[in-house]
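Open the model in your viewer and keep the selection tool at hand.

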Amino acid sequence: MTVSRFSIRKWPLRMLLALLLFPVLLVLALRFIDPAVWMWQIQRDLNPPKGYPADSLHNWVPLEQISPAMQLAVIASEDQKFPLHWGLDLESIADALSDNEDGGRVRGASTLSQQTAKNLFLWPAKSYLRKGLEAGLTVLMETLWNKSRILEVYLNIVEFGPGIYGVEAASQAYFHKSAKHLSTIEAARLAAVLPNPYRMSVTRPSNYVWQRIQWITHQMRLLGPDHWNPETGSDRGDALALGTSALQD
């Protein structure tokens with residue numbers, strides 16, 4: 001069978017189109033399908049850090065079965081502008097780049113949306129390539145999902161301790177109760193260890209972790225329960241009306 005030159009020339013275009021469509025279709029599917037595995041978990045299983053257990057814990061729960069205190073705690077701790085931004089906090093990114101260029105402490109500026117994209121799709125190594133892919137996937141998620149879905153996925157896949165994935169597994173492991181019944185202080189204790197759950201402990205908080213817990217609960221009071229409402233979390237117009245005066249202490 002003879003293959004025409006025209007057909008051969010079309011293959012690169014088809015491959016490019018497939019590469020562009022694949023992430024769109026994948027992100028769109030995960031708007032409705034709860035992921036059974038994700039890249040952060042796979043990386044841990046393939047290259048387990050010290051203290052990683054033989055069997056991990058995980059139990060997916062919908063957002064309505066996660067206490068409002070827990071939802072607000074991670075927003076207060078990790079990304080206070082979560083209801084307001086479109087996935088990328090450009091002001092924080094600019095500040096972080098400025099600090100890094102000035103030779104100060106190297107810091108990131110990842111929103112909850114970016115952290116969700118990283119944990120779900122990407123590898124943990126720091127590089128400009130990964131950050132670029134992270135930004136693109138974040139924009140896709142913000143376009144195809146709503147804020148409530150982003151927070152739901154984040155709270156179900158983030159690691160709260162060695163091999164303890166998701167808030168339901170963490171709540172059961174640390175407090176012997178469902179995530180639906182977490183109190184404000186319990187939610188703050190879980191949120192406080194997220195920067196490094198291998199060095200910070202929920203059950204044996206150090207002085208530094210207790211300081212973080214106190215700061216988080218204080219920020220939760222400043223933000224107030226109206227700062228985040230999963231019923232209207234996808235409506236940025238309502239969120240913007242709240243203003244940003246409570247975002248800083």
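A residue counts as buried under 20% relative accessible area, as exposed over 50%, and as partly exposed in between. Keep that scale in mind for the first stop. The model is predicted.

Stop 1: Select Leu-21. Its place is in helix H1, residues 5-29. Is Leu-21 buried, partly exposed or exposed? Its relative accessibility is 41%, so Leu-21 counts as partly exposed.

**Stop 2: the whole chain.** Clear the selection and colour by secondary structure. The protein has 11 helices and three strands. Of the 249 residues, 43% are buried. The accessible surface comes to about 13,900 Å², and carbon and sulfur atoms hold 58% of that. Turn to contacts between residues at least 6 apart in sequence: 71% of these join residues at least 24 apart.

**Stop 3: the largest nonpolar core.** This core has 58 residues. Select Met-70, Leu-151, Leu-155, Phe-160, Val-167 and Leu-190, which have the most contacts inside it. Next show the elements that each supply at least two core residues, among them H5 (112-121), H6 (128-144), H8 (167-175), H9 (184-192) and H10 (207-223). Which helix gives the largest share? H3 does, with seven residues.

Stay with Met-70 and show its surroundings. Beyond its neighbours within four places in sequence, Met-70 is in contact with Leu-155, Phe-160, Val-167, Leu-182, Ala-187, Leu-190 and Ala-191.

**Stop 4: helix H7.** Select residues 147-157. How many of the 11 residues of H7 are buried? The count is 11 of 11, so H7 is largely enclosed by the rest of the structure. The buried set includes Lys-147, Arg-149 and Glu-152, along with Leu-151 and Leu-155.

**Stop 5: the sheet.** Select the three strands. They form an open sheet in the order S1-S3-S2, with mixed pairing. S1 (57-58) and S2 (159-161) stand at the edges; each has a single partner strand, so one side of each lacks a neighbour in the sheet. S1 and S3 run parallel and are joined by two bridges. Finish on His-58, which stands opposite Tyr-165 in S3.

Note on methods. Residues numbered from 1 in each chain as written. Predicted model: local features only at pLDDT ≥ 70, side-chain atom pairs only at ≥ 80, totals over all residues. Heavy atoms only, no water. Helix = DSSP H or I, 4+ residues; strand = E, 2+ residues; numbered from the N terminus. Buried < 20%, exposed > 50% of the residue type's maximum accessible area, 1.4 Å probe, protein only. Contact = heavy atoms within 4.5 Å. Areas by Shrake-Rupley, 256 points an atom, 1.4 Å probe, with all protein chains shown as cover. Core = buried A, V, L, I, M, F, W, Y, C linked by side-chain atoms within 4.5 Å. Pairing = 2+ DSSP bridges.
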